[in-house]
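Please find below my note on the model under discussion. The points are numbered so that each may be taken up separately.

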Amino acid sequence: MRIGIIGAGNVGMTLGSSFVRAGHDVVYGSRDEGRTAPHAGALLGSIRGAVLDAEAVVLATPYAAIESALDAAGDFEGKVLIDATNPVGPDFRLVVGRTTSGAERVAALAKNAKVVKAFNTTGYDVMANPKFGAHRALMLVCGDDTGATATVAKLATDIGFDAIPLSGLARARDLEPMALLWIQLALKRGLGRNIAFGLSRRDAAGASADATVNLAALDLGSVGAAKKSVTMVGTGNIGGGLARAWLRAGHDVRLAVRDPLAPDVVDLVELGAKTIPVDGAANGSDVIVVAIPAAAVADVIPRLGELEGKIVVDCTNGIGAGMVMTAPEGTSSPELMAGVAKGARVVRAFNQQGAETLREASFDDLRAVSFVAGDDDDARQTVIGLSKDVGLDSIDAGPLEASRALDHLTLVWLTMSKALGSREIGLTLLRR
Ligand SMILES: NC(=O)c1ccc[n+]([C@@H]2O[C@H](COP(=O)([O-])OP(=O)(O)OC[C@H]3O[C@@H](n4cnc5c(N)ncnc54)[C@H](OP(=O)(O)O)[C@@H]3O)[C@@H](O)[C@H]2O)c1
């Protein structure tokens, strides 16, 4: 395929080199068309020329330049336009609201283009080489046109990614926060640029479909939390799964329940948990884990009793119709919980993937990743320890505000699960 690339910077040149290596033709479109092509096997000309000459075009300019770049590009005449840009401001925040995305703005500006979001959720170093041992970095691709989305997924596969096409350009509202999370982890949390999201699959019986490779070099951390008194508010898929893991790890698990004779509660009591009433459940607990429907939070939190200084873990997901976050712009569900749970040290965790990953976090040699965010360092480290006790690859995601990006992983996981027709999938964080 002949691929046009607008913006011969880090991303543009890396993708261009990889496309050439994969047997595609590449033509760069530059504001300075007198420049020589940046690498062998590619041509460089005007931006308009690259569009006219190509079957698919990559937009790899700074987000601030999309308007002028697309103006120079002219009519795409029904061609595929791959939006690799990220609408990230200098303060590490997205400059678009939650009800739209950079990709949708690109689609509004580009004339007659089939816009597909891709190549935005990892760094250019990973684009140069998406292999991590036997594993490949995940590349999520979304668009409104099924054929165009499949074409871009194929291009991502050609250059070594594990590509998954998702339906609807509006899913870029999740992929752009996912990119922000990558940027925060790589550049602010010190994990470095050689990290990538991965996706592991296993069959329903629990056998992993991944190739086995020794990635023992990955420091997944084996030290869990010192013995804690953990109160579970909610004993369903998430609360029940966590309670089982923590009973196994030797923690003192209490169940704040409406009905002590409910079958799921009785099962956990047989494993060593104790039941207590919901009212005043915080008394005598180090950690209170809230795993109830988001709609019940405002009613239940005030009933728990004195929360001053307690660690409250928010596992709830505020997801509304059309798979969107219900938290208003500029906040997140755990930040809202922190406003209700006065004096508590609220930590975000255990909400990003299906409960299947709590039941069994291992996917051959990898473990499902669990990001933990919270403003209190000690509380965050305690929950990271508890997360390790579940067997999860537990990553410090920083302050509670990180949840604004982090929480979109839930929607990403659900969308991938729907696209692949399986809940036995685990998002992983690959490192090398
Ligand atoms: N860096 C990453 O790891 C990464 C990862 C994923 C996504 N992204 C996103 O991908 C985009 C490109 O990132 P980058 O790191 O490659 O940036 P970069 O190295 O600064 O390159 C940007 C390129 O855009 C071109 N450009 C700037 N203004 C333009 C305009 N008005 N019209 C046409 N072209 C223009 C420039 O090319 P000419 O000077 O040749 O015209 C420049 O080489 C950004 O939106 C970024 O957020 C970056």
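Which helices each supply at least two residues of the shell around the ligand?

1. The shell around the ligand receives at least two residues from each of α1 (10-21) and α3 (66-73). Helices here are DSSP runs of H or I with at least four residues, strands are runs of E with at least two, and both are numbered from the N terminus. This is a predicted model, in which local features need pLDDT of at least 70 and side-chain atom pairs count only at pLDDT 80 or more, while totals for chains, interfaces and linings use all residues. Residues are numbered from 1 along each chain as its sequence is written.

2. Around the ligand there are 24 residues, of which Gly 7, Gly 9, Val 11, Ala 65 and Thr 85 come nearest; a residue is near a molecule if its C-beta atom, placed from the backbone, lies within 6 Å of it. The shell comprises 12 nonpolar, 11 polar and 1 charged residues (nonpolar: Ala, Val, Leu, Ile, Met, Phe, Trp, Tyr, Cys and Pro; charged: Asp, Glu, Lys and Arg; polar: the others, Gly among them). The largest contribution comes from α1, with 3 residues.

3. Helix α1 has 12 residues and spans 17 Å from first to last C-alpha, close to the expected 16 Å, the expectation being 1.5 Å times one less than the number of residues. Its buried residues include Val 11, Met 13, Leu 15 and Phe 19 (buried: 20 or more other C-beta atoms within 10 Å of the residue's own, all placed from the backbone). The buried residues of α1 pack against β1 (2-6), β2 (25-29), β3 (42-45), β4 (56-59) and α5 (124-128). After the helix comes Gly 23, with a positive phi near 95°.

4. Strand β10 (residues 162-167) is largely enclosed by the rest of the structure, because 5 of its 6 residues are buried. It pairs in the parallel sense with β9 (residues 138-143) over 6 bridges, where pairing requires at least two DSSP bridges. Leu 166 in β10 is the bridge partner of Cys 142.

5. Ile 292 lies in the loop between β15 (287-290) and α10 (297-300). This residue is buried, with 22 other C-beta atoms within 10 Å. Its C-alpha is 5.0 Å from that of Gly 234, although the two are 58 residues apart along the chain. Beyond neighbours within four places in sequence, Ile 292 is in contact with Val 233, Gly 234, Val 297, Val 300 and Thr 316 (contact: C-beta atoms, placed from the backbone, within 7 Å).

Terms used:
A residue is buried if 20 or more other C-beta atoms lie within 10 Å of its own, exposed if 12 or fewer, and partly exposed in between; C-beta atoms are placed from the backbone. Two residues are in contact if their C-beta atoms, placed from the backbone, lie within 7 Å.
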